[in-house]
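Here are a few quick notes from going through this model. Have a look at it first, then read on.

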Amino acid sequence: MHITDITNEIHAASQRLSKSADALFELGREKAETEREYRSELAKEMLRLKAEGMQVTLITDIAKGNVSERLFQRDLAEARFKAGIEAADAIKIQVSALQTILKYQSDI
């Protein structure tokens with residue numbers, strides 16, 4: 001690889017890293033919103049079950065089952081956020097490796 005090729009790859013990876021920061025912000029917002037929606041629906045369901053006279057020891061499990069779609073959306077948003085973080089970390093590792101190669105090439 002030529003030094004200019006390495007430099008161009010570092011620049012491209014840096015741009016991807018910058019874009020990933022914006023994407024992570026959006027994924028973080030989505031994660032927070034789905035958490036809020038899940039907790040709100042869970043609380044409403046628990047109150048509804050309590051008002052219907054369900055045993056207190058069963059309310060939490062039954063309520064979680066009744067709002068399982070919200071729970072799934074919350075877990076999915078969390079998984080997407082973690083995947084975004086891992087993708088950004090992979091880009092950082094790539095930049096670091098390219099910088100090492102560039103330093104090695106420069107020393108030759």
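1. Let's start with glutamine 73, which sits in helix H3. Bear in mind that this is a predicted model. Glutamine 73 has a relative accessibility of 33%, so it falls in the partly exposed class.

2. Threonine 34 belongs to helix H1, residues 3-51.

3. Is threonine 34 buried or exposed? It is buried, because its relative accessibility is 11% and the cut-off for buried is under 20%.

4. Now for H3 as a whole. It covers residues 68-107, 40 residues in total. From first C-alpha to last it reaches 58 Å, close to the 58 Å expected at 1.5 Å a residue.

5. Which residues of H3 are buried? They are Ala77, Gly84, Ala88, Ile91, Val95 and Leu98. H1 is among the elements covering them. As a reminder on spacing, an α-helix has 3.6 residues a turn, so residues three or four places apart point the same way.

6. On confidence, the protein chain averages a pLDDT of 93, and 98% of the residues score at least 70. H3 has the lowest mean, 92, while helix H2 (residues 56-66) has the highest, 96.

How values were computed:
Residues are numbered from 1 along each chain as its sequence is written. This is a predicted model: local features need pLDDT of at least 70, side-chain atom pairs count only at pLDDT 80 or more; totals for chains, interfaces and linings use all residues. Side-chain values use heavy atoms; hydrogens and water are left out. Helices (H or I, at least four residues) and strands (E, at least two) are DSSP runs, numbered from the N terminus. Buried means under 20% relative accessible area, exposed over 50%, partly exposed in between (1.4 Å probe, protein chains only). The expected span of a helix is 1.5 Å times one less than its number of residues. Contact means heavy atoms within 4.5 Å. pLDDT is the predictor's confidence in each residue, from 0 to 100.
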